[in-house]
Amino acid sequence: MKNNFDNIFENFEENNIFKNKAVLQSKYQPEEIPYRDEQIKQIALILGPTLRGEKPSNLFLYGKTGTGKTISIQKVKDELIKRTNPNSGFSLRLEYLNCKLKKIADTEYRILAELISKLGGEVPATGLPTQAVYDRFVNLIDKERQLIVLILDEVDQTVKKISSDFLYNLTRLNSELSKSQISIECCSARGNCKVCCFCSKRTWRREKGVGFVKSCRRTFRKRWEQKDFIKTY
Ligand SMILES: Nc1ncnc2c1ncn2[C@@H]1O[C@H](COP(=O)(O)OP(=O)(O)OP(=O)(O)O)[C@@H](O)[C@H]1O
Ligand SMILES: [Mg+2]
């Protein structure tokens with residue numbers, strides 16, 4: 001005889017709405033990214049020299065929300081990681097940080113602490129002077145010959161809260177590094193915010209921008225059809 005649980009759970013056993021519900025999760029990465037070939041190619045051409053240990057240009061991805069900035073740069077990052085050569089004589093570290101995440105973007109200290117922990121170091125959650133955290137960061141990355149590429153997503157959030165000096169400080173760190181190099185790649189939904197003003201400064205003269213335009217409705221429909229996650233309407 002069926003009990004209440006049978007009635008509830010049998011609906012879950014047969015999933016007749018979604019072919020693959022994982023596609024609705026924010027961390028889902030589609031295999032193919034239609035309509036972004038040109039942008040992905042540009043990003044790959046800019047970051048490609050990292051495979052030879054060359055510091056790439058600073059990159060600024062801008063475009064409206066939902067236009068594929070994050071998945072595009074993540075895709076290039078993953079493809080680069082697949083191709084890193086452990087016998088090349090240098091380490092290539094590509095680190096992604098979403099600056100919008102609460103408790104990360106609020107202060108320069110927190111962002112640095114997060115980066116330090118991603119790179120395998122430790123720093124107390126509070127208490128040190130910011131300069132001391134910078135020193136720890138520099139010591140940590142300059143221990144060995146390595147190229148660090150920091151992808152700062154939603155960077156406009158940080159600039160809004162802290163100021164663009166933070167980006168300036170990060171890009172200037174190269175002058176303190178002897179073995180390693182660091183490169184900053186930014187993504188922002190606002191092309192006209194302070195980030196942009198910052199990127200036009202002298203430090204970022206070699207900066208390259210890749211624009212993402214909002215796709216038209218037809219493009220979007222095709223994109224979702226391709227995702228193929230709805231079995232029945
Ligand atoms: N060309 C595409 N093909 C398939 N899915 C896409 C494409 N572009 C974006 N998406 C999907 O749309 C959603 C939003 O994409 P994404 O997070 O990369 O946008 P974004 O430009 O970084 O937006 P935001 O400015 O809000 O961070 C994700 O679920 C992503 O998988
Ligand atoms: Mg994004």
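**Helix packing and the ligand shell**

Okay, let's start with a helix pair: helix α2, residues 37-47, packs with α3 at an angle of about 45°, and their axes are 9 Å apart. Axes here are lines fitted to C-alpha atoms, for helices over the stretch in contact, and angles run from 0 to 180 degrees between N-to-C directions. Helices themselves are DSSP runs of H or I with at least four residues, strands are runs of E with at least two, and both are numbered from the N terminus.

Before I go on, the housekeeping. This is a predicted model, where local features need pLDDT of at least 70 and side-chain atom pairs count only at pLDDT 80 or more, while totals for chains, interfaces and linings use all residues. Residues are numbered from 1 along each chain as its sequence is written, and chains are lettered from A and ligands numbered from 1 in the order in which they are written.

Back to the pair. α2 and α3 are therefore oblique to each other; under 35 degrees counts as roughly parallel, over 145 as roughly antiparallel, 65 to 115 as roughly perpendicular, and the rest as oblique. Their crossing is right-handed, as in the near helix being turned clockwise from the far one by less than a right angle, with anticlockwise being left-handed.

Who touches whom? On the α2 side we have Gln-39, Ile-40, Ile-43, Ala-44 and Leu-47, and they meet Ser-72, Ile-73, Lys-75, Val-76 and Leu-80 in α3. Contact means C-beta atoms, placed from the backbone, within 7 Å. That contact divides into seven nonpolar residues, two polar and one charged. For the classes, Ala, Val, Leu, Ile, Met, Phe, Trp, Tyr, Cys and Pro are nonpolar, Asp, Glu, Lys and Arg are charged, and the others, Gly among them, are polar.

Now, Lys-75 in helix α3. Is Lys-75 buried or exposed? Lys-75 is buried, because 20 other C-beta atoms lie within 10 Å. The cut-offs: 20 or more other C-beta atoms within 10 Å of a residue's own is buried, 12 or fewer is exposed, and in between is partly exposed, with C-beta atoms placed from the backbone. Take Ile-33: it sits 42 residues from Lys-75 in sequence, but 8.9 Å away in space, C-alpha to C-alpha.

Helix α3, residues 69-83, gives the most to the shell around ligand 1, with three residues. In total 18 residues surround ligand 1, the closest being Thr-65, Gly-68, Lys-69, Thr-70 and Ala-189; the criterion is a C-beta atom, placed from the backbone, within 6 Å of the molecule. The shell splits into eight nonpolar, six polar and four charged residues.

α4, residues 108-118, packs with α5, residues 130-141, at about 20°, axes 10 Å apart. That makes α4 roughly parallel to α5, and the crossing is left-handed. From α4 the contact includes Tyr-109 and Leu-112, and from α5 it includes Val-133 and Phe-137. Overall that contact has nine nonpolar residues, one polar and two charged.

In α4, the buried residues are Tyr-109, Arg-110, Ile-111, Leu-112, Ala-113 and Leu-115. Their cover includes β2, α5, β3 and α6. Just after α4, Gly-120 has a positive phi of about 95°.

Zooming out to finish: the protein has nine helices and five strands, and buried residues make up 28% of its 233 residues.

Key: Two residues are in contact if their C-beta atoms, placed from the backbone, lie within 7 Å.
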